[in-house]
Amino acid sequence: IRERAVQIDEQVDYLNIVIDQLQEMATLDSLADLTLVTLDIGPLLQDAVQDAYFKKRETPAAVEVDIAKDLPPAYAAPDRLISAFRAVLDNARRYTPTGGLIKVQARAEDGQVVITVADNGIGIPSDQLARVFERFYKVDSARGIGGGAGLGLPIARRIIDLHGGNITVESALGQGTTVRLMLRAA
């Protein structure tokens, strides 16, 4: 009975995540733009890292955070941007094995604030890389791992698009994944 209760509890948690993500996606779809303010990205990124890694039940991978001291502010909607950060960080946490490493960096490049999240996790096969921003799509090697709904990266992309920015993913199967979020510097 206890084993079944644990399974039921895990499934309820999963359904709550899916419902929350569906609500967020619907809200984002209804928005034409965001009200952007000048924002220091560093503290927001630190908060997202803390939330994604240290408030979870387990943190299997080591995390390194490197935010440039001269990082300029960016034009952003803080509540939405932290959701994008959390989605990307959660994927890195979910698909990086125990003993792995996740590196989070923030730098200024060519008038943009660039946030990079790189892991040495399971990676994504090159033939599936183009589909990672599709809603509900899960890479074959990730099916059954960690309980994601396939909405995290689509949510992150929509948020970054609403900021007038760009998000890219590079990956190699068995070697890890690097996600770059680019925002206009203020």
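User: Where does R131 lie?

Analyst: R131 sits in the loop that runs between β5 (112-119) and α4 (152-162); helices (H or I, at least four residues) and strands (E, at least two) are DSSP runs, numbered from the N terminus. This is a predicted model, in which local features need pLDDT of at least 70, side-chain atom pairs count only at pLDDT 80 or more, and totals for chains, interfaces and linings use all residues. Residues are numbered from 1 along each chain as its sequence is written, and side-chain values use heavy atoms, with hydrogens and water left out.

User: Why is R131 called partly exposed?

Analyst: Its relative accessibility is 38%. Buried means under 20% relative accessible area, exposed over 50%, and partly exposed in between (1.4 Å probe, protein chains only), so R131 counts as partly exposed.

User: What makes α3 largely enclosed by the rest of the structure?

Analyst: Of the 18 residues of α3, 14 are buried, so the helix is largely enclosed.

User: Why are α1 and α4 called roughly parallel?

Analyst: Helix α1 (residues 2-30) packs against α4 at an angle of about 25 degrees, the axes being 10 Å apart. Angles under 35 degrees count as roughly parallel, over 145 as roughly antiparallel, 65 to 115 as roughly perpendicular and the rest as oblique; α1 and α4 are therefore roughly parallel.

User: Which residues of α1 and α4 meet?

Analyst: Q21, E24, M25, L28 and D29 of α1 meet G152, P154, I155, R158, I159 and L162 of α4, contact meaning heavy atoms within 4.5 Å.

Methods
Axes fitted to C-alpha atoms, helices over the stretch in contact; angles between N-to-C directions.
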